[in-house]
Amino acid sequence: MKLNWAELLVVNNPSRVFQQRIEIGWMRKRMPLPPGGVFLEIGCGRGAGASIIRKEFSPSVMCASDLDFMMIRRAMKYLAPEEARGVAFLTADALHLPHPDGVFDAVFGFGVLHHVPAWQGALSEIGRVIKPGGVYFLEEIYPPLYQNILTKHILLHPAENRFRSPELKQALDLTGFTPVASLEHKFFGILAVLRKER
Ligand SMILES: C[S@@+](CC[C@H](N)C(=O)[O-])C[C@H]1O[C@@H](n2cnc3c(N)ncnc32)[C@H](O)[C@@H]1O
């Protein structure tokens, strides 16, 4: 589901970039992958995450995709030209990723799954494109944050089939992801590093 005006304000601002720098730094400390990997970021939005991921991890291939073509256009402008040359941008639905099985060393997703109505399908696509032993870096928020008395009138999200901690953890487990490290507030959200075991 594409973002409405309110959430565009929430994600397209300098404090979000600051937050992502801290989060990606935390992720790299937990899982310092060697340079030269093949990476994907789904739901990349305006590209701030892709830029930070490149600096922190130095992948040899970085794909960044989003359902919304306008976000991809923003991302192509957000990155400096020399930086953008190292990133393959594409418009793609996380439910139907246009990549072969098992090609990525790591997949990143910041605040994406809770925008997908059938989010379990997106998880299984992520599991499909990551190599066995590869890593999924995840940041997600839970309904008390985006569907509370205030935010449900301002933000736009799917209303059904929502997940909190137990549903998300069960689905991650079923998809073959094992937690390596996580920081979680049971009501608000999670930051996690997961390894694909099979
Ligand atoms: C909350 S924003 C987060 C953007 C960016 N990752 C960040 O952290 O600033 C969610 C992003 O996911 C994208 N998105 C929503 N549904 C999607 C889907 N099914 N497949 C891929 N991207 C999707 C939206 O267009 C939006 O750019």
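Tutor: A residue is called buried if 20 or more other C-beta atoms lie within 10 Å of its own, and exposed if 12 or fewer do; keep these cut-offs in mind, as the model discussed here is a predicted one.

Student: Which residues of α2 are buried?

Tutor: In helix α2, Gln20, Ile24 and Met27 are buried. Seen down the axis of α2, the buried residues fall within an arc of 55°, so they line one face of the helix. On the other side of α2, the exposed residues are Pro14, Ser15, Phe18, Ile22, Gly25 and Lys29.

Student: What covers the buried residues of α2?

Tutor: The cover includes α3 (48-57) together with the strands β4 (104-110), β5 (130-141) and β7 (189-196).

Student: Why is histidine 99 called partly exposed?

Tutor: Histidine 99 has 18 C-beta neighbours inside 10 Å, and because buried requires 20 or more whereas exposed requires 12 or fewer, histidine 99 counts as partly exposed. Histidine 99 lies in the loop between β3 (87-91) and β4.

Student: What makes Val107 and Tyr136 stand out in the largest nonpolar core?

Tutor: Of the 49 residues in that core, Val107 and Tyr136 touch the most other members. Leaving aside neighbours within four places in sequence, valine 107 is in contact with Leu40, Ile42, Ile126, Val129, Ile130 and Tyr136.

How values were computed. Residues are numbered from 1 along each chain as its sequence is written. This is a predicted model: local features need pLDDT of at least 70, side-chain atom pairs count only at pLDDT 80 or more; totals for chains, interfaces and linings use all residues. Helices (H or I, at least four residues) and strands (E, at least two) are DSSP runs, numbered from the N terminus. The arc is that of the directions from the helix axis to the C-beta atoms. Two residues are in contact if their C-beta atoms, placed from the backbone, lie within 7 Å. A nonpolar core is a set of buried Ala, Val, Leu, Ile, Met, Phe, Trp, Tyr and Cys residues joined through C-beta atoms within 7 Å.
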